[in-house]
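Reader: Hey, could you walk me through this structure? I'm new to it.

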Amino acid sequence: MKRSTATVFLVCLTIFGLSALFAPRHVLAAELPHLMVMGEDNDQDAIPRDSRVFRRVLNELAEELNNDGFDVYDETAVTLDDFAQGRVRRSDAELIDIARSVTRPPIDIVVLFEIYASAERLDYTTKVRTRLSGRLLDVHSGRRLGNFEVASPRNFRAPVDCNRECIIETVGNNARLLARDVADVLIQKLGDEVDYGNNTGNDFDNTADTGTTSDLARRGNQAGCRGRVQDVYLNFQNFTEQEMLDMEDVILAKFSCYVDHRPASSQGRTHEYVYKTRLHTGKMKRNLVRALEYLGMSGRVSYQGKEFTVSKVNKRRNRYYNEGEKW
């Protein structure tokens with residue numbers, strides 16, 4: 001009886017081990033961007049940031065984006081320690097600078113919106129007009145991801161004796177409905193930028209030895225590489241021209257989810273590249289570390305936001321040469 005029990009246990013253990021061995025391993029390839037919703041109120045005709053109408057629109061936008069699976073961060077919460085709070089009539093430059101300065105967590109995309117409202121009193125009714133406009137902006141590259149504008153229907157009315165409080169509530173209700181329409185547009189635009197698929201392949205291709213066009217197309221369009229194209233800035237320090245050619249060959253031949261790259265500046269042994277990729281930021285760092293190892297170089301990789309710095313550790317060159325011993 002004991003022998004049969006032990007046999008059954010070993011068989012079950014073997015089956016479990018084989019299933020774990022051959023089970024597909026899904027690695028998340030697409031990087032979900034961090035979003036922050038910010039209001040533009042620098043225009044004196046726009047509804048200011050300290051208005052309850054403004055807050056209702058902001059909350060509605062954030063809620064719809066959050067419900068669709070995006071990570072939305074509250075501006076006040078992430079800027080509480082380092083920035084003055086409660087400022088109104090802020091310029092675009094101030095908003096973008098704040099978004100770029102936030103590092104915990106780093107903000108990738110900011111949703112900028114403006115609210116305009118007006119009321120026309122007639123003898124028999126009050127016409128209320130509301131317009132919501134704005135844009136999507138990639139914080140690190142400055143690339144525009146799309147614009148949006150939604151206006152209230154022409155038949156939106158308020159009571160003829162509607163006072164200021166009534167007008168504010170009417171505009172708030174109207175703007176909240178418009179925010180839902182805007183959120184639907186934003187979700188579609190962001191959905192085109194972000195892929196929810198999984199990648200079963202490796203982020204560092206150990207099988208490919210060339211950087212041919214077909215290889216790049218294969219790795220750029222493989223499963224899991226349909227996510228948002230990101231501009232990553234690569235700074236290489238202490239690299240000679242020949243070493244940079246070797247590094248470029250490795251990037252072209254080994255890195256998955258490659259889209260494009262171009263040199264931004266080169267001076268002496270310092271080189272900067274703008275690298276377009278669909279690869280996750282964490283995997284990008286790992287790829288650079290493995291590239292140094294693959295080339296037999298000593299160095300370190302550091303990054304902040306979307307800027308990576310690869311510093312090669314140079315060793316002292318031995319210029320003493322002994323042609324051969326005669327004695």
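Author: Here is a short tour of some sheets, helices and a disulfide.
Author: This is a predicted model, where local features need pLDDT of at least 70 and side-chain atom pairs count only at pLDDT 80 or more, while totals for chains, interfaces and linings use all residues. Residues are numbered from 1 along each chain as its sequence is written, and side-chain values use heavy atoms, with hydrogens and water left out.

Reader: OK. In what order do the strands of the open sheet come?

Author: The order is S10-S11-S9-S13-S12, five strands with mixed pairing. Helices (H or I, at least four residues) and strands (E, at least two) are DSSP runs, numbered from the N terminus. Two strands pair if DSSP finds at least two bridges between them.

Reader: Which strands are at the edge?
Author: Strand S10 (258–267) and strand S12 (299–304), each of which pairs on one side only. On average, neighbouring strands of this sheet are turned by 20° against each other, direction ignored. Angles here run from 0 to 180 degrees between N-to-C directions, and axes are lines fitted to C-alpha atoms, for helices over the stretch in contact.

Reader: Do S9 and S13 run parallel or antiparallel?
Author: Parallel: five bridges join S9 (residues 230–237) to S13 (residues 307–312). Leu234 has Phe308 in S13 as its bridge partner.

Reader: And how many bridges do S12 and S13 pair over?
Author: Six, in the antiparallel sense. Val301 has Val310 in S13 as its bridge partner. The hairpin of S12 and S13 has two residues between the strands, and Gly305 there takes a positive phi near 65°.

Reader: What lies across S9, S11, S12 and S13?
Author: Helix H8 (residues 281–294), which runs at about 165° to S12.

Reader: At what angle do H7 and H8 pack?
Author: About 120°, with the axes of H7 (residues 241–254) and H8 10 Å apart. H7 and H8 are therefore oblique to each other. As for the cut-offs, angles under 35 degrees count as roughly parallel, over 145 as roughly antiparallel, 65 to 115 as roughly perpendicular and the rest as oblique.

Reader: Which residues meet there?
Author: Met247, Val250 and Lys254 in H7 meet Ala291, Leu292 and Tyr294 in H8, where contact means heavy atoms within 4.5 Å. The residues of this contact divide into five nonpolar, no polar and one charged. Ala, Val, Leu, Ile, Met, Phe, Trp, Tyr, Cys and Pro count as nonpolar, Asp, Glu, Lys and Arg as charged, and the others, Gly among them, as polar.

Reader: New topic: how do H2 and H5 cross?
Author: The axes of H2 (residues 52–67) and H5 (residues 164–193) come within 8 Å and cross at roughly 25°, so the two helices are roughly parallel to each other. Their contact includes 13 nonpolar, two polar and eight charged residues.

Reader: How many bridges join S4 to S5?
Author: 13, with S4 (residues 109–121) and S5 (residues 126–138) running antiparallel. Ala117 has Thr130 in S5 as its bridge partner, and a hairpin joins S4 to S5 through four residues. S4 also pairs with S2 (residues 34–39), in the parallel sense over five bridges.

Reader: Last one: which cysteines form a disulfide?
Author: Cys162 and Cys166, with their sulfur atoms 1.9 Å apart; a disulfide is a pair of cysteine sulfur atoms within 2.5 Å. The torsion about the S-S bond of Cys162 and Cys166 is about -105°, so the disulfide is left-handed.
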